[in-house]
Amino acid sequence: MNRNKAAIAALGVVAALGLTACSSGGDPEPDVSDTMGGDGMMEFAEGSTMAALAEAGTITIGTKFDQPLFGLLAPSGTPEGFDVEIGKIIAGELGIPEDEIEWVETVSANREPFIQDGTVDMVVATYTINDARKELISFAGPYYNAGQALMVLSDNTDITGPDDLSGKNVCSVEGSTPAQNIAENYPDANLSLFGAYTDCLEPLRNGQVDVVTTDNVILAGYVAESEDAFKVVGEPFTEEPYGIGVALDDTEFRMWINDVLEEIFADGRWLEAWNATAGTVLPEPAVPTVDRYEN
């Protein structure tokens, strides 16, 4: 359910609460909505996205369906990975159980449109925070810090870093920061863009492209599943802080998600989610620092 639908569903609760806005002593009660969650009574400000979603009892989350370790569609028909676990934790803090989450495949090119038009309530999809995107949507986080890297065939010895890309055929994805970085900073590379990173894998196998580029953690997932066909070369050459995308003007929801992230950094749930997913292949990461920027 998107935030507009959820807001409509919450109107009844808001109206009912308005009838009891004063205590027996005549003092005004706090301007909050009480919503029963899975762990008991939770309080969210009336009219907030949190109150609307909690009352609706469902949430729509955009994530990737093609990225091992972070967001990959499982045989069960639901995605799994670190991003998915982060989404589940946030939903749980709203009192929404896993089976009431609607997962929507959200590729790089449609993340901002899906948030802007209300297709999803939030996006957790290896989504790099940057200033250009902040003009269109808002970010909570970061909840993980990645970096752009290069993946080649295991027997490739020609490419060891981005300085070797001149004249090479490079595959990436439309609307992604790695693709933008190659286009702007390595213009002598021959850049091919697809809708999803999995679209780059077969061209790499058959020699149509020489290298696939995206974030190191995404490539690590493809290497792990490639049966030694691929390898990641060199060191990450950018910083890619992953954030959770929400509507541009919904500062209250963004700050609440930031509160949840800081809580799970501290209580161990973040690391537990990592170890159960991406941590099966990748080393334990440093805990990020949330950026509570002003619009």
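Predicted model: local features only at pLDDT ≥ 70, side-chain atom pairs only at ≥ 80, totals over all residues.
In which strand does Pro 142 lie? I looked there to start with: Pro 142 belongs to strand E9, residues 137-146. I then checked the backbone and noted that the peptide bond from Gly 141 to Pro 142 is cis, with omega near 10°. A reminder to myself: most residues other than glycine have a negative phi, and most peptide bonds are trans.

**Confidence**

The chain averages a pLDDT of 89, and 86% of the residues score at least 70. Over residues 7-30 the pLDDT is below 50, and I find 21 contacts for this stretch beyond near neighbours in sequence. Residues 32-41 also stay under 50, with 27 contacts in the model beyond four places in sequence.

**Positive phi**

Next I went through the backbone angles. Leu 69 is not a glycine, yet its phi is positive, about 85°. I located Leu 69 in the loop between strand E4 (66-67) and strand E5 (71-73). Its relative accessibility is 14%, so I put it down as buried, the limit being under 20%.

Thr 126 is another entry on this page: its phi is near 35°, again positive in a residue other than glycine. I found Thr 126 in the loop between strand E8 (122-123) and helix H5 (131-134). At 4% relative accessibility, Thr 126 counts as buried.

**The sheet**

How many strands form the open sheet, and in what order? I count five, running E12-E11-E13-E10-E14, with mixed pairing. Strands E12 (190-194) and E14 (230-233) are at the edges; each has a single partner strand, so one side of each lacks a neighbour in the sheet. From one strand to the next, the twist averages 35°.

I followed one pairing in detail. Strand E11, residues 169-173, pairs with E12 in the parallel sense over five bridges. Here Ser 172 stands opposite Leu 193 in E12. I also noted helix H8 (residues 216-225), which packs on the sheet and touches strand E10 (148-153), E13 and E14. The direction of H8 makes about 125° with that of E13.

**Thr 214**

Staying with E13, I picked out Thr 214, which lies in this strand (residues 211-215). Is Thr 214 buried or exposed? At 1% relative accessibility, I log Thr 214 as buried. The side chain of Thr 214 makes a polar contact of 3.0 Å with that of Tyr 197. Leaving out residues up to four places away in sequence, Thr 214 touches Gly 147, Gln 148, Ala 149, Pro 178, Tyr 197 and Leu 219.

**The nonpolar cores**

The largest nonpolar core has 59 residues. The residues with the most contacts inside this core are Phe 82, Ile 86, Met 122, Tyr 143, Ile 244 and Ile 257. Helix H9 (residues 251-267) gives the largest share of the core, seven residues. I looked up the neighbours of Met 122: beyond four places in sequence, they include Ile 59, Ile 61, Ile 90, Ile 244, Val 246, Phe 253 and Ile 257. Another core, of eleven residues, lies apart from the largest one; among its members are Val 104, Ile 115, Tyr 127 and Ile 129.

**Pro 113**

My last stop was Pro 113, in helix H4 (residues 111-116). Its relative accessibility of 36% makes it partly exposed. Pro 113 and Ile 137 are 24 residues apart along the chain, and I noted 9.3 Å between their C-alpha atoms.

Methods:
Residues numbered from 1 in each chain as written. Heavy atoms only, no water. Helix = DSSP H or I, 4+ residues; strand = E, 2+ residues; numbered from the N terminus. Buried < 20%, exposed > 50% of the residue type's maximum accessible area, 1.4 Å probe, protein only. Polar contact = N/O pair within 3.5 Å; in protein donor to acceptor, adjacent residues only side chain to side chain. Contact = heavy atoms within 4.5 Å. pLDDT = per-residue confidence, 0-100. Core = buried A, V, L, I, M, F, W, Y, C linked by side-chain atoms within 4.5 Å. Pairing = 2+ DSSP bridges. Axes fitted to C-alpha atoms, helices over the stretch in contact; angles between N-to-C directions.
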